[in-house]
Amino acid sequence: MAKVLMIQGTMSNVGKSLITAGLCRIFKQDGYRVAPFKSQNMALNSFITDDGAEMGRAQVMQAEAAGIEPDVRMNPILLKPTDDTGSQVIVNGKVRGTMSAGEYFDFKVELIPDVMEAFNGLCSESIVFIPL
């Protein structure tokens, strides 16, 4: 099992993603295999991987800092807002549908196995692992 370092913040836009990218680069330069992870991310813009899957851009930037290819396991749940109360729900890079906030709140417990599989898969391949 990989060592895990968690970066926390109390709100959006306080630098968690940038700090994580910096740590990914530092650990990579020190010879460690590092992978970023954020189980759920909300963003309007996404990145399309070589195999056509969709994931958050922040984790792509962190993967680049770590010197590895972007992998949807780094961001297994992506929420793309559609209006003030709903989002398109993307799981493991594939669209699962559009849900209101209430529908997603009830549904998200079903995604725990997807998140754990992504996390455990990355941990089995990385010496140091930085969730966000």
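Three bridges join strand S3 to strand S6, and the two strands run parallel. Helices and strands here are DSSP runs, numbered from the N terminus, with at least four residues (H or I) for a helix and at least two (E) for a strand; two strands pair if DSSP finds at least two bridges between them. The model is predicted, so that local features need pLDDT of at least 70 and side-chain atom pairs count only at pLDDT 80 or more, while totals for chains, interfaces and linings use all residues. Residues are numbered from 1 along each chain as its sequence is written, and side-chain values use heavy atoms, with hydrogens and water left out.

The pairing of S3 with S6 belongs to an open sheet of four strands in the order S3-S6-S7-S8, with mixed pairing. Its edges are strand S3 (40-42) and strand S8 (94-100), each of which pairs on one side only. From one strand to the next the twist averages 25°, where axes are lines fitted to C-alpha atoms, for helices over the stretch in contact, and angles between N-to-C directions run from 0 to 180 degrees.

Strand S6 (residues 77-81) is joined to strand S7 (residues 86-91) by five bridges, and these two strands run antiparallel. A hairpin of four residues leads from S6 to S7. Ile 77 is the bridge partner in S6 of Gln 40, and Ile 77 also stands opposite Val 91 in S7. Lys 80, in turn, stands opposite Gln 88 in S7. Strand S6 is mostly covered, four of its five residues being buried; buried means under 20% relative accessible area, exposed over 50% and partly exposed in between, with a 1.4 Å probe and protein chains only. In a regular strand the side chains alternate between the two faces of the sheet.

A search of the whole structure finds three salt bridges, a salt bridge being a side-chain nitrogen of Lys or Arg within 4 Å of a carboxyl oxygen of Asp or Glu. One of them is formed by Glu 54 and Lys 80, whose closest N and O atoms are 2.7 Å apart. This pair links distant parts of the chain, with Glu 54 in strand S5 (residues 54-56) and Lys 80 in strand S6, 26 residues apart. Glu 54 counts as buried because its relative accessibility is 11%, and Lys 80 likewise counts as buried, at 17%.

Arg 73 takes part in salt bridges with Asp 71, at 2.8 Å between the closest N and O atoms, and with Glu 125, at 3.0 Å between the closest N and O atoms. Through shared partners, Asp 71, Arg 73 and Glu 125 are joined into one network of salt bridges. Asp 71 is partly exposed, with a relative accessible area of 22%, and Glu 125 also counts as partly exposed, at 38% relative accessibility.

Helix H4 (residues 112-125) has 14 residues, which should span 20 Å at 1.5 Å a residue; its end C-alpha atoms are 20 Å apart, in agreement. The expected span is 1.5 Å times one less than the number of residues in the helix. Asp 114, Val 115, Ala 118, Phe 119, Gly 121, Leu 122 and Cys 123 of H4 are buried. Met 116, also found in H4, is partly exposed, because its relative accessible area is 40%. Together with Val 109 and Ile 112, Met 116 forms a nonpolar patch on the surface with about 270 Å² of accessible area. Such patches are made of residues with over 30% relative accessible area and no salt bridge, like charges being joined within 9 Å and nonpolar side chains (Val, Leu, Ile, Met, Phe, Trp, Tyr) within 5 Å; accessible areas come from the Shrake-Rupley method with a 1.4 Å probe, and for residues only the protein chains shown count as cover.

Cys 123 and Lys 3 are 120 residues apart in sequence and 8.0 Å apart in space, C-alpha to C-alpha. Lys 3 lies in strand S1 (residues 3-4) and counts as exposed at 64% relative accessibility.

Two asparagines complete the description. Asn 13, in the loop between S1 and helix H1 (16-29), has a positive phi of about 65° although it is not a glycine; at 80% relative accessibility, Asn 13 counts as exposed. Asn 92, in the loop between S7 and S8, has a positive phi of about 50° and is likewise not a glycine. Asn 92 is partly exposed, with a relative accessible area of 27%.
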